[in-house]
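User: I'd like to learn how to read salt bridges, strands and helices in a model. Could you walk me through some cases?

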Amino acid sequence: DIFFRLPFAKMAPFDDQKVQILKDLDSGEPDLSPKGHVDVLCEPILAVINRHPDAVSTSSCSGRISIFQTGDTNCKKKSRGGGWLLVSHDAVTFDQVCNALQDLPQTPGFVFFKFEPFILHVLCRTLPVANALLTAAVGAGYRNSGLMAGTKLMVAIRSTLSLDVPVAANGALIVDQSYLSILTDLANQKFAENAARIDTLRAALQEKWASMGPSQKEIRRAEKRQQRKEAKIQAQAAKKKNATVPRNTGDEEEGEEEDRASPVAALFVDAESEGM
């Protein structure tokens, strides 16, 4: 898992938030998640998302297999309502599962065998970008995804590829070894499918967002806008210069004509762009 602090009390502009998040990612310092860094499986898709100028990831988890005990527990890794007997962001072995369930404390509560799939939150600058991301996510199998719109645009990418089964109660196993073996195999299968879906979404976003780049027509318009801007700046500078220099020679008068021609040329470029 990976989480970043965002100044929600006083929302910063999107660009400021993105700069800070990417700075935190590149710093190499531990983040606020229990693991302290980005999951390896998340790195390729985060790279695609964070390259887009109007999107940035705020939290992610590649998916995990875990055994969670509710109630009072002596677990080293505690969480709200209990603690973790086992947490893995990769496939697990049957021995790992059995070792985690040894010497359960005789306390009230349940122990659950879990698989939790990939989850990702993405902050977006604009609604079209958020909708494009949401459409790609649903198409890649993340049908539990959604868009939160308010003071910010946040896309939550989630799937229903989960597993949550009680395996112990009040300190005693309620399933046998063969059932634990089946659960282990099933969780590993889900983890493999989860990894494949992440890659499917990454590929879909690469294709979709590549097609959202500027067209040649838009590029030409941008170039002409820049030319008009430069012509205007040159004309203003020339007018300021001519206002302080006496016009005594024919050369200066000729230069004045050139200066007056600059706005006309800019208007001509305007007309061309409007006709595109």
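User: Is aspartate 164 buried, partly exposed or exposed?

Analyst: This is a predicted model, and the call rests on relative accessible area: buried is under 20%, exposed is over 50%. Aspartate 164 has 47% relative accessibility, so it counts as partly exposed.

User: Which residue forms a salt bridge with aspartate 164?

Analyst: The general idea first: side chains of opposite charge can pair when their charged atoms come close. Here the partner is lysine 114, with the closest N and O atoms 3.1 Å apart. This pair links distant parts of the chain, with lysine 114 in strand E6 and aspartate 164 in strand E10, 50 residues apart. Lysine 114 itself counts as buried, at 15% relative accessibility.

User: How many salt bridges does the count come to?

Analyst: The count comes to six. Another of these joins arginine 125 to aspartate 54, where the closest N and O atoms are 2.5 Å apart. Arginine 125 sits in the loop between E7 and H4, and aspartate 54 in the loop between helix H2 and E2, so the pair ties together parts that are 71 residues apart in sequence. Aspartate 54 is buried at 18% relative accessible area, while arginine 125 is partly exposed at 35%. Asp15 joins Asp54 and Arg125 in a network of salt bridges.

User: How should I read a salt bridge within a helix?

Analyst: An α-helix has 3.6 residues a turn, so residues three or four places apart point the same way. Take arginine 202 and aspartate 199, whose side chains meet at 2.9 Å, N to O. They are three residues apart in helix H5, so about one helical turn separates them. Arginine 202 is buried, with a relative accessible area of 18%, and aspartate 199 is partly exposed, with 41%.

User: In which sense do E2 and E7 pair, and over how many bridges?

Analyst: Strands E2 (residues 55-61) and E7 (residues 119-124) run antiparallel to each other, paired over six bridges. One place to look is cysteine 61, whose bridge partner in E7 is isoleucine 119. E2 is mostly covered, with seven of its seven residues buried.

User: What span should helix H4 have?

Analyst: Its 13 residues (127-139), at 1.5 Å a residue, should span 18 Å, and the end C-alpha atoms are 18 Å apart, which agrees. Among the buried residues of H4 are Val129, Leu133 and Leu134. After H4 comes glycine 141, which has a positive phi, near 105°.

Conventions: Residues numbered from 1 in each chain as written. Predicted model: local features only at pLDDT ≥ 70, side-chain atom pairs only at ≥ 80, totals over all residues. Heavy atoms only, no water. Buried < 20%, exposed > 50% of the residue type's maximum accessible area, 1.4 Å probe, protein only. Helix = DSSP H or I, 4+ residues; strand = E, 2+ residues; numbered from the N terminus. Pairing = 2+ DSSP bridges. Expected span 1.5 Å × (residues − 1). Salt bridge = Lys/Arg side-chain N within 4 Å of Asp/Glu carboxyl O.
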